[in-house]
Amino acid sequence: YWDITSQLLDKNINRTSIIVAIGGGTLGDLCGFIASTILRGVKFILIPTTLLSQVDSSVGGKTGVNSGYGKNLIGSFYQPEMVISDTSTLNSLPKREIACGYAEILKYALIDDAEFFEWLDAHAIQILGDDKKAQALAIEKSCVKKAQIVAQDEREGGVRALLNLGHTFAHALEVLAGYNGKLLHGEAVLIGMDMALAYSASRRYAKKGDLNKLRAHYDKYDLWPSYKITASAADIVKYMQKDKKTAQDQMVLILMKGIGQAYIDKKQTPERLKDFLVEYLKSR
């Protein structure tokens, strides 16, 4: 952040300048944060080149950088002037990166659209297999769904928190993995969404059948990350408590009543989560 900001200032950036970010979500988040702070704010344009950034980070105005304390704990809300998504930029991506983007597409179905889940269950092979028409449809659907939620709650004071389905678990796993490439964000989200539904089922908020259905989808399309979780349940919960949604020591989780029925929960305790994770880690 400081290196790039210093270089821009050295080149006499001014308030009429426009920063253009061409790349994935990390680059977009970084450039958006720089744009929001340099000279107290300049315009920026996003050209996301990964499936993950096209369906998630490019929409909504969240910018930020990671720290040793947690994911995206330093950042701002700052909207781009324009977002340009071109599916041809996905051609060079490895299958692992495409699967990461698919994780966020699946998230929108799990939040509030069981019908979209059924469509994905029938068409994921096309999205994951570089079918441009299927990818474009999934990207458009995802962006519209995210934009609808963001429009209601730009700064995440309420309903926007639903977009973090699986992310409180996922961000803790990413911190503990060390951001070293062994666990990518989308892979952590896939694990986190399974954890969220498994926890919901363990508390009988959701039916076990819905968990089985989600896991069958993972198996069908080989979505399970190869990453082996070595962190303890206690460590995972420790970093979950550092999540930016936590307020006054009250954990905010996105749980599920079933596929397409996510909700915001503020009643869970660290002890209850730790007990769940002890058993979960034995079984996965």
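**Loops, helix packing and salt bridges**

User: Where is the place of Asp-222?

Analyst: Asp-222 sits in the loop between α9 and α10 (233-240). Please note that the model is predicted.

User: And what is the phi of Asp-222?

Analyst: Its phi is near 55°, a positive value in a residue other than glycine. As background, most residues other than glycine have a negative phi.

User: Does Asp-222 count as buried or exposed?

Analyst: Asp-222 counts as exposed because its relative accessibility is 68%, and the cut-off for that class is over 50%.

User: What about Arg-40, which phi does it have?

Analyst: Arg-40 also has a positive phi, of about 60°, although it is not a glycine. This residue is found in the loop between α2 (25-37) and β2 (43-48). With 77% relative accessibility, Arg-40 counts as exposed.

User: Changing topic to helix packing: at what angle do the axes of α4 and α5 cross?

Analyst: The axes of helix α4 (residues 95-112) and helix α5 (residues 114-128) cross at roughly 165° and come within 8 Å. Angles over 145 degrees count as roughly antiparallel, and α4 and α5 are therefore roughly antiparallel to each other.

User: Is that crossing of α4 and α5 left-handed or right-handed?

Analyst: The crossing of these two helices is right-handed.

User: Which residues of α4 and α5 make the contact?

Analyst: On the α4 side, the contact is made by Ile-98, Ala-99, Tyr-102, Ile-105, Leu-106, Tyr-108, Ala-109, Leu-110 and Asp-112. On the α5 side, the contributors are Ala-114, Phe-116, Phe-117, Leu-120, Ala-124, Ile-127 and Leu-128.

User: On to electrostatics. How many salt bridges does the count come to?

Analyst: The count comes to 14 salt bridges.

User: Which side chain does Lys-141 meet in a salt bridge?

Analyst: Lys-141 pairs with Asp-113, at 3.5 Å from N to O. The two residues are 28 residues apart, with Lys-141 in helix α6 (residues 132-152) and Asp-113 in the loop between α4 and α5, and the pair links distant parts of the chain. Lys-141 is partly exposed, at a relative accessible area of 35%, while Asp-113 counts as buried at 14% relative accessibility.

User: What does Lys-145 form with Asp-113?

Analyst: Lys-145 forms a salt bridge with Asp-113, and the closest N and O atoms are 3.3 Å apart. Lys-145 lies in helix α6 and Asp-113 in the loop between α4 and α5, so this pair ties together parts that are 32 residues apart in sequence. Both Lys-145 and Asp-113 are buried.

User: With which residue does Lys-220 form a salt bridge?

Analyst: The partner of Lys-220 is Asp-121, with the closest N and O atoms 3.7 Å apart. Lys-220 belongs to helix α9 and Asp-121 to helix α5, so the pair ties together parts 99 residues apart in sequence.

User: Which residues do salt bridges that share partners join into one network?

Analyst: Such a network is formed by Asp-56, Glu-104, Lys-107 and Lys-146.

User: Last one: is Arg-215 buried or exposed?

Analyst: Arg-215 has a relative accessible area of 17% and is therefore buried, as the limit is under 20%. This arginine lies in helix α9 (residues 208-220).

User: What is Arg-215 in contact with, leaving aside its neighbours within four places in sequence?

Analyst: With those neighbours left aside, Arg-215 is in contact with Asp-194, Ala-198, Trp-224, Tyr-280 and Arg-284.

Definitions and conventions
Residues numbered from 1 in each chain as written. Predicted model: local features only at pLDDT ≥ 70, side-chain atom pairs only at ≥ 80, totals over all residues. Heavy atoms only, no water. Axes fitted to C-alpha atoms, helices over the stretch in contact; angles between N-to-C directions. Helix = DSSP H or I, 4+ residues; strand = E, 2+ residues; numbered from the N terminus. Parallel < 35°, antiparallel > 145°, perpendicular 65-115°, else oblique. Left-handed = near helix turned anticlockwise from the far one by under 90°. Contact = heavy atoms within 4.5 Å. Buried < 20%, exposed > 50% of the residue type's maximum accessible area, 1.4 Å probe, protein only. Salt bridge = Lys/Arg side-chain N within 4 Å of Asp/Glu carboxyl O.
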